[in-house]
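Me: I have a structure open and want to learn how to read it. Can you take me through it feature by feature?

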Amino acid sequence: MSDAKHKRQYDNVEARGRRTNRESCQVITYRWKTGCQENMALAGVQVIELAGLAPAPFCGMILADFGARVIRVDRTKVAMAMDTQARGKQSVALNLKKPQGVAVLRKLCVQSDVVIEPFRKGVMEKLGLGPEELLKENPRLIYARLTGFGQTGSYAQSAGHDINYLAISGLLSMLGRSSEKPYAPLNLVADFAGGGLMCAMGIVLALLERTRSGKGQVIDSSMVEGAAYVGSFMWKSRNIGLWNRPRGENLLDSGAPFYDTYQTSDGKHMAVGALEPQFYDQFVKGLGLDPSDLPPQMSFSDWPELKRIFTRTFATKTQAEWSRIFDGTDACVTPVLPLDEVQSHPHNKERGSFLKDAQGEVSPRPAPVLSRTPADPCLSRDPIIGEHTRSVLEEFGYGADEIEQLLSSGAVECNKFKSRM
Ligand SMILES: C[C@H](CCC[C@@H](C)[C@H]1CC[C@H]2[C@@H]3[C@H](O)C[C@@H]4C[C@H](O)CC[C@]4(C)[C@H]3C[C@H](O)[C@]12C)C(=O)SCCNC(=O)CCNC(=O)[C@H](O)C(C)(C)COP(=O)(O)OP(=O)(O)OC[C@H]1O[C@@H](n2cnc3c(N)ncnc32)[C@H](O)[C@@H]1OP(=O)(O)O
């Protein structure tokens, strides 16, 4: 195809795409997100999220919370969605083992701003939907590849989960109490901080850059590197002696008695972060101890003794009693709250830090809070698999007969939400 013809075709696609995007976002925004804040930071951005495990769904949810339109592409013949971070998304069910299903996905991607793919390296290429292909048709596309090990390197084709990526990042070796083996803090660091969140940042950066260049690009979002990047402080603070003792014996890794948790008389816990001397003094005072009876705060060899003294002291009162003593001071002591208590804690309540959705489920509100264009998360129920297949296909230009043909071939699936009322 001649360059001129290709350009004309691209311009038409681009123009149609832009028009479709704009129209569809306006149409969809009106039809499906009535009341949403048109001025949310990512309003008008259209994202295709290929259904994956935890990290990619988190990335998609962040973008949806801040106004993007996120269409999640689910597998067909799946009983229920495993995406627990689905708020604000639509669901289209496609069978990518069928060429027609691949053709539909291609059309969705070509007419969108962002695609998030959560698969092992090479899967999209096998489908003929690699970045080469799609960016040729839509040079403005931002193609985010969220993997564990990245698109290159000997592990690139290997399966893995958060703990594996954390291990290869170096951070897992630093996590754990003294004389215990390393432990992964839930699947927070690689999956979410270094994965979904880092990928969302990459997408926003690429969107911003595109406003200048008009061009999309590929984002190679490796959870190993994302986790390590989140942990840059650990690398950069080694030469100031913060981490030169064995695991669990340093200032911030449960070694220091004034940076740890303690059990209270009612079996709950308090968190202590009294690092600076002026806060440490308030902490000791709040415990009702005489500083002259204690060894110096930074006497490493006396830390085990200090821990024993603080443990004994915290065991004499309930969490509520200690909270009354320390709230409003600079002692850096706070109650360790279980998930079902955070929403009602006075500070969180005053800020509205946690929201309740239409199903009565409590979860964190989007962060950070933008003063003029804050996130406006969708609080209605999550989509069922394939709930929006028909409406999205119509919006992307498929006629009724074509949709029926796609349905009968099994390339797509449409499902209707059935209320349990
Ligand atoms: C710690 C977290 C994990 C959080 C998730 C957990 C909550 C869940 C993980 C496992 C679940 C349990 C398990 O499923 C068993 C039970 C099942 C039961 O039903 C429920 C209870 C269970 C106990 C269940 C409970 C929970 O749900 C779980 C515990 C993480 O670390 S998540 C981060 C994982 N890593 C990444 O995301 C990095 C990038 N991805 C990868 O490396 C790979 O995708 C991965 C994750 C290693 C999986 O590899 P896999 O071989 O399965 O897939 P891929 O190689 O990526 O290929 C994808 C193939 O799928 C085809 N495909 C995609 N979309 C479609 C479609 N729409 N239609 C048709 N086909 C599709 C695609 O073409 C690929 O096919 P090929 O292989 O032929 O190329």
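**Reading the fold**

Reply: Start with strand β2, residues 69-74, which is mostly covered: 6 of its 6 residues are buried. Buried means under 20% relative accessible area, exposed means over 50%, and partly exposed lies in between, with a 1.4 Å probe and protein chains only. Helices (H or I, at least four residues) and strands (E, at least two) are DSSP runs, numbered from the N terminus. This is a predicted model, in which local features need pLDDT of at least 70, side-chain atom pairs count only at pLDDT 80 or more, and totals for chains, interfaces and linings use all residues. Residues are numbered from 1 along each chain as its sequence is written, and side-chain values use heavy atoms, with hydrogens and water left out.

Me: Which residues point one way from β2, and which the other way?

Reply: Arg69, Ile71 and Val73 point one way. Val70, Arg72 and Asp74 point the other way. All of them are buried.

Me: How do strands pair, and in which sense do β1 and β2 pair?

Reply: Strands of a sheet pair through backbone hydrogen bonds, either parallel or antiparallel. Two strands count as paired if DSSP finds at least two bridges between them. Here β1 (residues 46-50) and β2 pair in the parallel sense over 5 bridges. Val47 has Val70 in β2 as its bridge partner.

Me: What is the order of the strands in the 7-stranded sheet?

Reply: The order is β6-β5-β4-β1-β2-β3-β12, in an open sheet with mixed pairing. Its edge strands are β6 (217-222) and β12 (412-413), each pairing on one side only. Strand β3 (residues 89-94) runs antiparallel to β12, and 2 bridges join them. Find Ala93: Glu413 in β12 stands opposite.

Me: Which helix lies across β5 and β6?

Reply: Helix α8, residues 223-230, lies across β5 (142-147) and β6. It runs at about 70° to β6. Such axes are lines fitted to C-alpha atoms, for helices over the stretch in contact, and angles run from 0 to 180 degrees between N-to-C directions. Contact means heavy atoms within 4.5 Å.

Me: What is the order of the strands in the 3-stranded sheet?

Reply: The order is β7-β8-β9, in an open sheet with antiparallel pairing. β7 (259-263) and β9 (333-335) stand at the edges with a single partner strand each, so one side of each has no neighbour in the sheet. The twist averages 25° from one strand to the next. β7 and β8 (residues 269-273) are joined by 5 bridges.

Me: Now helices. How many residues of α2 are buried?

Reply: An α-helix has 3.6 residues a turn, so residues three or four places apart point the same way. In α2 (residues 55-65), 11 of the 11 residues are buried, so this helix is largely enclosed by the rest of the structure. Among them are Phe58, Met61 and Leu63. After α2 comes Gly67, with a positive phi near 110°.

Me: What should I look for in backbone angles?

Reply: Most residues other than glycine have a negative phi, and most peptide bonds are trans. Lys77 is not a glycine, yet has a positive phi of about 55°. Lys77 is in the loop between β2 and β3, and is exposed at 69% relative accessible area. Ser254 also has a positive phi, near 85°. Ser254 lies in the loop between α9 (232-236) and β7, and counts as buried at 11% relative accessibility. The peptide bond from Ala367 to Pro368 is cis, with omega near 0°.

Me: Where is Leu370, and which residues does Leu370 touch?

Reply: Leu370 sits in the loop between β11 (362-364) and α15 (389-395). Leu370 is partly exposed, with a relative accessible area of 28%. Leaving out residues up to four places away in sequence, Leu370 touches Ala41 and Phe66. Leu370 and Ala41 are 329 residues apart in sequence, but 8.7 Å apart in space, C-alpha to C-alpha.

Me: How many helices and strands are there in the protein?

Reply: There are 16 helices and 12 strands. Of the 421 residues, 46% count as buried.
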